[in-house]
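I opened my notebook to look up a few things in this structure. Here are my entries, in the order I made them.

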Amino acid sequence: MNKQKRAVAIHDISGFGRCSLTVALPILSAAGVEAVALPTAVLSTHTGGIEGFTYRDLTEDMIPVAEHWKSLNIAFDAVYTGFLGSFEQLDIVKTFFDDFKTAGNLIFVDPVMADNGQLYKIFPPEFPLGMKELCKKADVIIPNITEATLMLQEEYVEGPYTKEYIDNLLLKLSDLGPAQVVLTGVFFDDKSLGAATCNKATGEIDYLMDKKIPGYYHGTGDVFGSALLSGLLNGFPLKEATAIAVHFTTGSIRKTVEAQTDIRFGVNFEQTIPELLKELKLV
Ligand code: PXL
């Protein structure tokens, strides 16, 4: 058996609503990865379409937590960041990358901040440029198309997309520095939806698609990112790990549609985990 991998997830914990840490930890654990948490904030729910949420900021705990881990000589095979609530948190995470980067590990950044052409309401308009700086320090980034266009200051276009439009975004994101770029929410027609990948070393671009399910489902970016990282840490190359993550996300959405759950409550990834483990060849 291979040595067990360890990943630290740096996200908020939204108690209800299946996103960020309540998604990342169980998926990584199910995939055999030791999951470590650095919570950035505690919310009652996520902020997407649910009013009145509580928000306890944990910024002041982040550096002491990192210092404690350093004193214990803890190393990570991956550092996975998602929703970060402020410029100060972006700066703390940049220092965390400097402190915990190793020759072989993965700095995996999901620049969570926008969707459907809109920056989330809680972020100031300059936030994407701060997030762009974080992406420059990453080995893998996984923006959606809105996040990509905001960071690159490109025009946001509604799909269906052309391959030229997607490839242009991928190459510009690659130019920021990450060896591996995955762009989510890609579709060329109304029948399929998925992700496009770019491997900087080889220049290879691939499109990994599945059947499109109409509608918007909250938290799918975190389900996708956690499954993709699980694939990479289980030794799958970028293209294969992305295909696995696309299938897992679509499968989780399908179960949610069947149950007619409120779309703000996240997707049923829990009962899709057995399918993920099969694709990861863990069962
Ligand atoms: O799923 C992304 C996410 C994570 N955390 C919080 C959010 C969102 C998206 O809205 O509000 C608090």
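**Entry: Asn73**

Where is the place of Asn73? I found Asn73 in the loop between α2 (59–71) and β4 (78–81). A reminder to myself before going on: this is a predicted model. I looked up the backbone next, and phi of Asn73 is near 55°, which is a positive value in a residue other than glycine. Then I asked myself: is Asn73 buried or exposed? Its relative accessible area is 69%, and exposed means over 50%, so Asn73 counts as exposed.

**Entry: Ser20**

I went to another residue with a positive phi. Ser20 isn't glycine either, and its phi is near 40°. Ser20 sits in the loop between β1 (6–16) and α1 (21–30). I checked its cover as well: the relative accessible area of Ser20 is 1%, and the cut-off for buried is under 20%, so Ser20 is buried.

**Entry: the ligand**

How many residues surround the ligand? I got 13, and the closest are Asp12, Thr47, Phe83, His218 and Asp222. Sorted by class, that shell has 5 nonpolar, 6 polar and 2 charged residues.

- Asp12: an N or O atom of its side chain is 2.7 Å from a nitrogen atom of the ligand.
- Thr47: a polar atom in its side chain lies 2.6 Å from an oxygen atom of the ligand.
- Asp222: an N or O atom of its side chain is 2.7 Å from an oxygen atom of the ligand.

How much of the ligand does the protein cover? On its own the ligand has 310 Å² of accessible area, and the protein covers 96% of that. I also looked up where the ligand sits, and the place is the largest pocket.

**Entry: His218**

His218 was on my list as one of the closest residues to the ligand. I located His218 in the loop between β11 (204–211) and α7 (220–233). With a relative accessible area of 11%, His218 falls under the 20% limit, so I noted it as buried. Which side chain does His218 join in a polar contact? The partner is His46, at 3.3 Å between the two side chains.

**Entry: Gln89**

I moved on to helix α3 (residues 87–100), where Gln89 lies. Its relative accessible area is 0%, and buried means under 20%, so Gln89 is buried. What does the side chain of Gln89 reach? I found the backbone oxygen of Thr40 at 3.0 Å. A polar atom of the Gln89 side chain also lies 2.9 Å from the backbone nitrogen of Gly85. I wrote both down as contacts between the Gln89 side chain and backbone atoms.

**Entry: His247**

His247 is in helix α8 (residues 238–259). I read off 32% relative accessibility for His247; that is between the 20% and 50% limits, so His247 counts as partly exposed. I also checked a pair here: His247 and Val79 are 168 residues apart in sequence, and 23 Å apart in space from C-alpha to C-alpha.

**Entry: Pro160**

The one from Gly159 to Pro160 is cis, and its omega is near 0°. Where is Pro160 found? I placed Pro160 in the loop between α5 (145–152) and α6 (163–175).

Definitions and conventions
Residues numbered from 1 in each chain as written. Predicted model: local features only at pLDDT ≥ 70, side-chain atom pairs only at ≥ 80, totals over all residues. Heavy atoms only, no water. Near = heavy atom within 4 Å. Polar contact = N/O pair within 3.5 Å; in protein donor to acceptor, adjacent residues only side chain to side chain. Areas by Shrake-Rupley, 256 points an atom, 1.4 Å probe, with all protein chains shown as cover. 1 Å grid on protein atoms, 1.4 Å probe; cavity = no way out; pocket = protein on both sides within 12 Å on 5 of 7 lines; lining within 4 Å. Sits in = over half its atoms within 2 Å of the grid points. Nonpolar A, V, L, I, M, F, W, Y, C, P; charged D, E, K, R; others polar. Helix = DSSP H or I, 4+ residues; strand = E, 2+ residues; numbered from the N terminus. Buried < 20%, exposed > 50% of the residue type's maximum accessible area, 1.4 Å probe, protein only.
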